[in-house]
Amino acid sequence: MASAGPGLESLVDQIISVITNDGRNIVGTLRGFDQATNIILDESHERVYSTRYVLINCDLLPGLLSNALIGSLVQNSAISNKFLSWCLKVCCQHEGVQQLVLGLYIIRGDNISVVGEVDEELDARLDLSNLRAHPLKPVIH
Amino acid sequence: MLPLSLLKTAQGHPMLVELKNGETYNGHLVNCDTWMNIHLREVICTSKDGDKFWRMPECYIRGNTIKYLRVPDEVIDKVQEETSKSRSDRRPPGVGRGRGRGDIGAKPGGRGIGRGQDDGGSKGGGGRGRGGIGGKGGIKGGGRGRG
């Protein structure tokens, strides 16, 4: 009789990507699992997705804005949206995908939505700092 | 390796437990069971938002409320030692593996469930796990067949 388990045998000691019910994405090496899809993840890290912007050239912003202000006062016009978004582009950058080191984890099967095989070669080619995506929403039961 | 054997090996080690409600518990694992119920000592509980903390000498957490456990890295090496030891203790797999379960009642020729089945007759024997001890009837419980 075939086992009633989750059938993850072929992924043991490989890098997998787990999406949890609360919408987290955890990547690590699968060391073991059981019937309930509880999972041991070794050397794991969480990939945190966000679309937030962070300031990278803080020192530039005040100068740019005050110049714009003076300019607009001189010309007696409002600062254009176009200019403001340009300022943002110069001074800010989206965060990209942050990686948080987690280490050795036991994830309870109840909390697992998806287990995926990771193509290590392809994964290594990803430039996470340039990736931007909305975080996943949690599963609603 | 089974998650629960890793957890068992982590006894005495510090660990972090996050519950489904987002609370986290940091403490030393005293004991755990097959339902993942865990007993912690010297615990610091943190609220979901991480803004409130409670210290408690010990706590007991029902397994099904757990989201994940964070265990010190070195624990995984200790499990491997244990499993390889117990593996070498075990008899080599192969002939005569399988288990059977006898009928609980007193029916003669108790029948195995699953793989190990009785040879159908009143004669015991055969490497497969057999259910009940063949035909003798009235023997309660299972024959654990291991030839």
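Predicted model: local features only at pLDDT ≥ 70, side-chain atom pairs only at ≥ 80, totals over all residues.
Local features here need pLDDT of at least 70, side-chain atom pairs count only at pLDDT 80 or more, and totals for chains, interfaces and linings use all residues. Residues are numbered from 1 along each chain as its sequence is written, and chains are lettered from A, with ligands numbered from 1, in the order in which they are written.

I begin with the interface. In this model, 18 residues of chain A are in contact with 20 residues of chain B, contact meaning that C-beta atoms, placed from the backbone, lie within 7 Å. On the side of chain A that touches chain B, β2 (25-33), β3 (39-48) and β6 (98-107) each supply at least two residues; strands are DSSP runs of E with at least two residues, helices runs of H or I with at least four, numbered from the N terminus. The most comes from β6(A), with six residues. By class, this side of chain A has nine nonpolar, four polar and five charged residues. Ala, Val, Leu, Ile, Met, Phe, Trp, Tyr, Cys and Pro count as nonpolar, Asp, Glu, Lys and Arg as charged, and the others, Gly among them, as polar.

Strand pairing also links the chains: β6(A) and β5 (residues 66-71) of chain B run antiparallel and are joined by four bridges, where pairing requires that DSSP finds at least two. Within this pair, A:Ile107 has B:Tyr68 as its bridge partner.

Next, chain B itself. Eight bridges join β3(B) to the antiparallel strand β4 (residues 53-61) of chain B, and B:Cys45 is partnered there by B:Trp54. Their hairpin has six residues between the strands, and in it B:Gly50 takes a positive phi near 75°.

Where is B:Met36 placed? It belongs to the loop between β2 (24-32) and β3 (38-46) of chain B. B:Met36 is buried, because 23 other C-beta atoms lie within 10 Å, the cut-off being 20 or more. Beyond its neighbours within four places in sequence, B:Met36 contacts A:Arg108, B:Leu4, B:Leu7, B:Gly63 and B:Ile66.

Finally, the helices of chain A. The axes of α1 (residues 60-75) and α2 (residues 81-91) of chain A come within 10 Å and cross at roughly 165°; axes are lines fitted to C-alpha atoms over the stretch in contact, with angles from 0 to 180 degrees between N-to-C directions. The two helices are therefore roughly antiparallel, the term for angles over 145 degrees. Residues of α1(A), including A:Leu61 and A:Ala68, meet A:Phe83, A:Cys87, A:Val90 and A:Cys91 in α2(A). The residues of this contact comprise nine nonpolar, no polar and no charged.

Conventions: Parallel < 35°, antiparallel > 145°, perpendicular 65-115°, else oblique. Contact = placed C-beta atoms within 7 Å. Buried ≥ 20, exposed ≤ 12 C-beta atoms within 10 Å, placed from the backbone.
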